[in-house]
Amino acid sequence: MTVRGILAGLMTGFLFGLGLCLSGMTSPAVVQGFLDIGGAWNPALVFVMAGGVAVTFLGYHFLVPKSRPLWGSAYVLPAATRIDTPLLAGAAIFGVGWGLAGYCPGPAVVSLASGRPSVFVFVLSMAAGMILVRWMRGPSRASMAPRAAEDNI
Amino acid sequence: MHPFLLAVIGGVLIGISAVLLMTLSGRIAGISGIVGGLLPPAPAPDRSWRLAFILGLVAAPAGLRVLTGDALIGPPTAGIPALVAAGLLVGIGTALGSGCTSGHGICGVSRLSSRSIVAVLVFIATGMVTVFVTRHLIGA
């Protein structure tokens with residue numbers, strides 16, 4: 001699985017990065033333009049989400065093998081199903097940071113390729129925030145659980 | 001090409017990537033989760049495909065530059081103090097909320113996960129409030 005896993009990671013990461021760049025999401029001004037309903041609203045992100053969700057929804061439901069992934073033994077999917085306080089608080093906090101800088105994790109990582117020091121500052125701060133939560137939560141809780149068969153991907 | 005058409009094409013590429021990663025490796029294409037699994041304490045045991053995915057992400061602009069002559073990466077709009085604060089909030093928020101725009105927004109919504117649909121509505125709402133406050137109440 002490892003070599004094929006690495007190949008799958010490289011391919012899908014590259015495709016994902018291409019998509020983010022082409023769609024304008026690697027420009028914080030475009031993202032903040034979408035969030036700026038009180039100003040010159042830029043709906044670009046709606047088109048990205050529509051294209052992305054349409055393809056992913058259809059692919060997940062009709063293309064992904066039912067028993068197990070082609071190059072793996074099991075699907076690894078979120079274990080949680082309840083809408084709880086960490087989900088709501090986390091999403092709310094994420095949104096504030098997203099609005100402040102116009103970066104979510106994907107576009108920020110892709111933008112490292114520009115070599116701009118300020119993007120590195122953002123990504124390092126983001127990693128620090130993730131480490132803080134992981135450290136406070138402790139090692140006990142597994143957030144993802146392997147599933148032999150996808151009941152509902 | 002019109003930016004909105006490019007946005008749809010970009011979204012379709014993101015969708016193909018998400019479907020491919022699920023089909024081949026059985027994984028959710030959620031960037032915050034993929035990055036988080038590499039970080040201490042207790043990094044995930046499966047670090048190689050995560051690093052490969054990130055390598056692919058960072059290589060994409062170079063590929064685009066070869067194809068079109070432009071990597072299409074815009075400049076940051078915020079200063080360093082705001083970028084530090086925003087980075088911390090994005091890191092804390094996505095770790096606590098188990099996902100970001102990709103994991104919840106693309107993959108979770110496509111799985112019709114109620115957690116993801118709620119998360120997306122919440123982070124778009126607080127993002128909009130934040131931009132409104134910083135641009136129209138505080139900012140010039």
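Predicted model: local features only at pLDDT ≥ 70, side-chain atom pairs only at ≥ 80, totals over all residues.
**Chain B**

Chain B contains six helices and zero strands. Read from the N terminus, its elements run α-α-α-α-α-α. The C-alpha trace of chain B spans about 50 × 40 × 30 Å along its principal axes.

Helix α1 of chain B covers residues 3-25, which is 23 residues. From first C-alpha to last, this helix reaches 32 Å. That is close to the 33 Å expected at 1.5 Å a residue.

**The interface between chains A and B**

On the chain A side, 111 residues make contact, and they meet 102 residues of chain B. The two chains bury about 9,300 Å² between them. Carbon and sulfur atoms account for 77% of that area. Within the area that chain A buries against chain B, A:F16, A:L22 and A:R134 supply 8%, more than any other three residues.

**Salt bridges**

Side chains of opposite charge can pair when their charged atoms come close. Over all chains, the structure has four salt bridges. Between chain A and chain B the count is two. The table gives the pairs that join A to B.

| Chain A residue | Chain B residue | Closest N to O distance |
|---|---|---|
| A:D36 | B:R135 | 3.0 Å |

Where do the partners in the pair of B:R135 and A:D36 sit? B:R135 belongs to helix α6 (residues 114-138) of chain B. A:D36 lies in the loop between α2 (28-35) and α3 of chain A.

**The cavity**

How many cavities of 30 Å³ or more does a search of the whole structure find? The search finds one. The largest cavity holds about 140 Å³ of space. Its lining has 14 residues. Closest to the centre are A:L20, A:M25 and A:C104 from chain A, with B:T101 and B:S102 from chain B.

Conventions: Residues numbered from 1 in each chain as written. Chains lettered and ligands numbered in written order. Heavy atoms only, no water. 1 Å grid on protein atoms, 1.4 Å probe; cavity = no way out; pocket = protein on both sides within 12 Å on 5 of 7 lines; lining within 4 Å. Points joined across faces, edges and corners; volume = space filled by probe spheres on them. Helix = DSSP H or I, 4+ residues; strand = E, 2+ residues; numbered from the N terminus. Expected span 1.5 Å × (residues − 1). Contact = heavy atoms within 4.5 Å. Buried area = accessible area lost by both parts, 1.4 Å probe. Salt bridge = Lys/Arg side-chain N within 4 Å of Asp/Glu carboxyl O.
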